[in-house]
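Subject: Handing over a structure

Dear colleague,

I am passing this structure on to you, and below it you will find an account of what came out of looking through it. Please read the account with the structure open beside you.

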Amino acid sequence: MKKKIGFIALDSSLAGWLYEKLRTSAPDTPAAKDLTEGLEELMTGSADSLMLELGETDTMMPSGDSISCGALSIDLRLRRVIRDGQEIALTPKEFDILYFLARNRGEVFTKEQIYQAVWERDYLLDDSNIMAFIRKLRKKIEPNPDAPEYILTIWGIGYKFNDKF
């Protein structure tokens, strides 16, 4: 997926201060633990750099690379989707669309925004392409594709991933 990456050089004084603050007063979340460990690796020299990504909420990405939504589990690292204990085979683009919507659950996206986020190139002005992918995704992940629970249509705008999970 398309990402804008920034770079900040962290001096040892600031890294030490941040590490100490995290160690003593960070919230009890997997992300705080991962950041603390990452800073420790930077300071000891076992890592040369540390990449950070801002997630929406703790409930959205509890284990860092996986998203659980009701009976649906999406694992970015393994690029695997499981519903009710059964693995669901998705094409790479189907997975990317699902992951993009799920990690931004509740946010409404136009077809153009979905296309640009997943294909990383200019929009081709073809709404039917995204509609076809959404239709195929619903057939695979929804218990009842005609009454979707996960990927919702926002008429006149686009789609969103249900934020009720």
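In helix α3, the buried residues are E94, F95, D96, I97, L98, Y99, F100, L101, A102 and R103, where buried means under 20% relative accessible area, exposed means over 50%, and partly exposed lies in between, with a 1.4 Å probe and protein chains only. Because ten of its twelve residues are buried, α3 is largely enclosed by the rest of the structure. Helices (H or I, at least four residues) and strands (E, at least two) are DSSP runs, numbered from the N terminus. Please keep in mind that this is a predicted model, in which local features need pLDDT of at least 70 and side-chain atom pairs count only at pLDDT 80 or more, while totals for chains, interfaces and linings use all residues. Residues are numbered from 1 along each chain as its sequence is written, and side-chain values use heavy atoms, with hydrogens and water left out.

The length of α3 agrees with expectation: at 1.5 Å a residue its twelve residues should span 16 Å, and its end C-alpha atoms are 16 Å apart, the expected span being 1.5 Å times one less than the number of residues.

What does α3 lie across? Helix α3 (residues 92-103) lies across β1, β2 (72-75) and β3, and runs at about 110° to β2; axes here are lines fitted to C-alpha atoms, for helices over the stretch in contact, and angles run from 0 to 180 degrees between N-to-C directions. The axes of α3 and helix α4 (residues 111-119) come within 10 Å and cross at roughly 115°. On the α3 side, the contact (heavy atoms within 4.5 Å) is made by K93, D96, I97, F100 and L101, and on the α4 side by I114, A117, V118 and W119. These residues divide into seven nonpolar, two charged and no polar, with Ala, Val, Leu, Ile, Met, Phe, Trp, Tyr, Cys and Pro counted as nonpolar, Asp, Glu, Lys and Arg as charged, and the others, Gly among them, as polar.

Turning to the sheet, four strands form an open, antiparallel arrangement in the order β1-β2-β3-β4, where two strands pair if DSSP finds at least two bridges between them. Strands β1 (66-69) and β4 (86-88) stand at the edges with a single partner strand each, so one side of each is left without a neighbour in the sheet. Neighbouring strands of this sheet are turned by 20° against each other on average, direction ignored. Strand β3 (residues 80-83) pairs with β4 over three bridges in the antiparallel sense, and the bridge partner of I82 in β4 is E87.

Two loop residues deserve a look. Most residues other than glycine have a negative phi. R79, in the loop between β2 and β3, has a positive phi of about 50° although it is not a glycine, and R79 is partly exposed at 40% relative accessible area. D84, in the loop between β3 and β4, likewise has a positive phi of about 50° without being a glycine, and D84 counts as exposed at 58% relative accessibility.

For the chain as a whole, there are five helices and seven strands, and buried residues make up 33% of its 165 residues.

With best wishes
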